Amino acid sequence: MSSGPLTAGRRDRPADQASSGEDGGAVRRGGAITALRGRVLQEALTVVAFMVIFAVYGGWLGGKFFNVKALILDVHNTVPSLLLALAVVVTLIAGQFDLSVTGVATCATFLSVGLTIKQGWPEAAAVVLVLVGGVAAGLLNALLVVGLRVNTFIATLGTNGLFLGISAVYSGGGQVSVPLGGRQLPGWFSTIGAFTGKCWPWLTWTVIAVAVVLGLRGALARRPARLTPPVWAGLCGVAVVAAAAVAELVLRLSEVVDNLSWAVALLLAVACVLWLVVGHTVFGRNLRATGANSTAAWLTGVRTARVTTAAFVIGGAVSAVAGIVLGSALGSATPDAAGSFLLPAFAAAFLSTVLFSSGRFHVWGTVIGGVFLVWVGQGLISGGVNFTWMDVINGLVLISAVAISTTFSRKGRPT
Amino acid sequence: MCMARVDRSVHKRGRATSPQIPPEEHRLAGSAGAPLPEARPIDIVSLHKRFGSVSVLRGIDLQLRAGEVVGLMGPNGAGKSTLLKTLSGLYSPDGGQILLGGEPVRSLGDRPEVAFIHQDLGLIDEMSITDNLRLAQRPSYRVWPLLDHQSEDRLARRALQFVGLALRPSTKVGELSPAEKTLVAIARAFARGASTLFVDEATSTLATSSARRVIEVLRSLARAGAIVVLITHKLSEILEAADRVVVLLDGQIVTDDPAAGLDREALVAKMRSVDSRHAPRDDGAGDGPGAELVRFEQVRSQRCGPVTLTVRAGEAVGLTGTPGSGLHDIGLMAAGLVAPVAGKVHRAPGVRCGLVPPHRETQGGFNDLQVRENMSISALPQWRNRIGLLDGRRESRHVAGIAARLSVTPRSPSAPFWVLSGGNKQKAIFGRLLLQQPDVFVLCEPTRGVDVATRAEIYSLITQLRRDGRGVLVLSSDAEDLLAVCDRIATVGSGPVEEPEPVGALSTGQLEGIL
Ligand SMILES: Nc1ncnc2c1ncn2[C@@H]1O[C@H](COP(=O)(O)OP(=O)(O)OP(=O)(O)O)[C@@H](O)[C@H]1O
Ligand SMILES: [Mg+2]
């Protein structure tokens, strides 16, 4: 979302910023280029590390790992946890920890399944109620953290327990599932979470086309002064064709589109909206400012209380969506359905701070980080490692991501 | 036990040194142990520091000898703070040597006899003054590991007295004004018994009078055999305190002369800059004061008041005061961020206020955000396009324009804010207001830590704003600011503050009082 190469201050090699500036003063050209190369290496370090892992998997497992359908299935199965990661990252940007996301998701799963099966509500009404509930959960967190100034960990840990408790009371402690011969969940609802429910390819292609057109338009407007318009347009055209070739031949774009499930499409849509909101609106800037230094934000006139509240509300709503997807995928609700997602969600969010080495939380970085994380784990599992190792992997990645980002970006930095 | 020994040794020294300071206060300067030993000479040989490909220090050669106050000057971004941070070991040098008493050392930071007071002070806001002082010293124990709070409190109380602060030692540092924090940081260095003191713009937050007191103390320390290196942008302080003047320009020492032969003009010439005092002051231009924008009616804050004050369009009103007088509370109330304890702040309908907060390190900037984001934060709505998304290119263009006008370096708008030098941070925050274009500019310490040339630039910008029909409220502990740009001025003290008087109507006596 940050277009500029913000290398959030590595004290070790800080010349990056000083020299990479478009007009960075008396910087020798050679120096600038060295610095640039150095930065690309550092920035890509995490991505390169993942690529090496995947390459190793490829050599080891071959088609068992490099299989578009299987890889997308892995992503599909992780959509609820990735949505929770998005919920978490929005609050993290505002400088808050929301530990209640899994509680909200669990509650949402129970209600989206149970209201239809047990109470006989129309599914659409249940979904709407759950979304409203997610917003209300966010408001409750905000009330505690912003209004009553309860420490954010304690407040959201408490509300997490509260929501889990409500789910348990609602279900009587057990699980809610479709009884044999009883009321069924409607087909459209089950489609959301099923891998067989594919997003219409024409829709995906249209979105891709629009994105390419918009991107091209932006690129054309950014012509460097050195180049004449026809040359620049030609270069852009070549770039588009090359990108298309890579996408099709290497990334198997058409196969990806054919296998794109509704759940994954939903994830991408939510990420896209959050990316625009966080990176390209006044609200998003205020959100970052509040997270970076709330006193300074307040002094510049940012309504920090409102901004923080909005962050919690967005987090609650996105968690509710995660719960709905989970309910739809399982066709039932169990008390511990979402509990194990907290760690991978935070891991993905923190991974975003090192992935593009911008040193800050990043919406697309979170999605990509989460997806990489899943693939690393799934590769091991398809290689014969027991799936119980998954949390060990997640934990290790979370810790190393945070350790890397703090050593690189904060060393000696004034606090 | 231990305490008694300390006290005795210190008494001896207290008598030996400068008579202006009562012995009670002097006890503190050596409270950590033996009487101030003669500082060992420090030689800096060809010191280099680069950040990536940018050379910030390019071969610094400097000899420091006991008994000297060295004034270190240079424009913003010259590398003064970097020099100190390299000496203190916060950065590792890329070349050159540091010799302490003739022996090469890796850094001076881990020597108890050398103290550094950085621009960002290094105090911990969440801890009390006593705890902050203890961090610098060997703790005194009742029975190990239980701390002797009484003696620590006593020490802290003396340390505070020494710098003229009437505060409880249990006060949290976070509750102090920037100026009070600076004084605590100085007290801490003294309490530790340092014989060499590097001070980075510690006086820039202080009112002229308290700065003078601090400088007197620094001088008497030097007479007693200490080395004091003082970074400041205030020429008057250099002329008053320094025995030797060192000017840094682009990471190199361009001047290293005894202060005796220098006067103001010569100094300015050395810095190759313009002197603010002699910058033409054009009053009269513009239409004079217009509509009333902000009016204070018997307004009280926690610390000051009642204040009566009017800011009209097209005029600059200035207030000055000592630290702790609540000067900056007036700014927060004028900007509508804090509600007064009593009285009322009237703001004309639709009037927008913009604020430069007094303390840029903690209240001004977003260290982890880009310079561009820091500057544009108050002005964002103007760059929204039809569908409410920000037009990043227009934003960057505007920001770059203002940054160039204020000569914020490094130029790269995507650099994180924290790499900026102190003065450049101040410029960026001032630029934020120029982008926002509010009707009333509330400027707390607008020239704190900026170099002579930028000070002149800021003064001319304020004059320009006034001429454009904006209201300007300057709240500065540096009386020079008020005299340079304000139409009407007043002093904030313990009593009520009356409507500021026109500068021309003040008698010389009144003016001297303010200065
Ligand atoms: N960690 C860093 N990384 C990159 N550049 C840095 C870093 N620290 C300082 N700089 C750059 O080095 C230059 C010198 O900064 P320094 O803080 O030493 O200036 P200064 O002389 O203290 O200025 P001021 O009077 O404004 O305080 C500035 O251009 C600054 O941006
Ligand atoms: Mg500095």
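A residue counts as buried when its relative accessible area is under 20%, as exposed when it is over 50%, and as partly exposed in between (1.4 Å probe, protein chains only). By that rule, buried residues make up 47% of the 415 residues in chain A and 58% of the 515 residues of chain B.

This is a predicted model, in which local features need pLDDT of at least 70 and side-chain atom pairs count only at pLDDT 80 or more, while totals for chains, interfaces and linings use all residues. Residues are numbered from 1 along each chain as its sequence is written, chains are lettered from A in the order in which they are written, and side-chain values use heavy atoms, with hydrogens and water left out.

**The two chains**

Helices (H or I, at least four residues) and strands (E, at least two) are DSSP runs, numbered from the N terminus. A contact means heavy atoms within 4.5 Å.

Among contacts with a separation of 6 or more, residues 24 or more positions apart account for 76% in chain A and for 68% in chain B.

**Helix packing in chain A**

Helix α5 (residues 123-147) and helix α6 (residues 152-171) of chain A have axes that come within 9 Å and cross at roughly 145°. Axes here are lines fitted to C-alpha atoms, for helices over the stretch in contact, with angles running from 0 to 180 degrees between N-to-C directions. From α5(A), the contact uses A137(A), L140(A), N141(A), L144(A) and V145(A). The α6(A) side supplies T152(A), A155(A), T156(A), T159(A), L162(A) and F163(A). These residues divide into 7 nonpolar, 4 polar and no charged. In this scheme Ala, Val, Leu, Ile, Met, Phe, Trp, Tyr, Cys and Pro are nonpolar, Asp, Glu, Lys and Arg are charged, and the others, Gly among them, are polar.

V318(A) belongs to helix α14 (residues 304-330) of chain A. V318(A) counts as buried because its relative accessibility is 8%. Apart from neighbours within four places in sequence, V318(A) is in contact with L83(A), L86(A), A87(A), V270(A) and L274(A). Of these, L83(A) is 235 residues from V318(A) in sequence, yet the C-alpha to C-alpha distance is 6.5 Å.

**Loop residues**

In chain A, R252(A) is in the loop between α9 (229-249) and α10 (253-259). R252(A) is not a glycine but has a positive phi of about 55°. Its relative accessibility is 43%, so R252(A) counts as partly exposed.

The loop between α13 and α14 of chain B holds S407(B), whose phi is also positive, near 45°, in a residue other than glycine. S407(B) is partly exposed, with a relative accessible area of 31%. P410(B) lies in the loop between α13 (392-405) and α14 (422-436) of chain B, and a cis peptide bond with omega of about 0° joins T409(B) to P410(B).

E201(B) sits in the loop between β9 (196-200) and α7 (208-223) of chain B. With a relative accessibility of 6%, E201(B) counts as buried. The side chain of E201(B) makes a polar contact with the side chain of H233(B) at 3.2 Å. A polar contact is a pair of N or O atoms within 3.5 Å; within protein, one must be able to donate a hydrogen and the other to accept it, and residues adjacent in sequence count only if both atoms are side-chain atoms.
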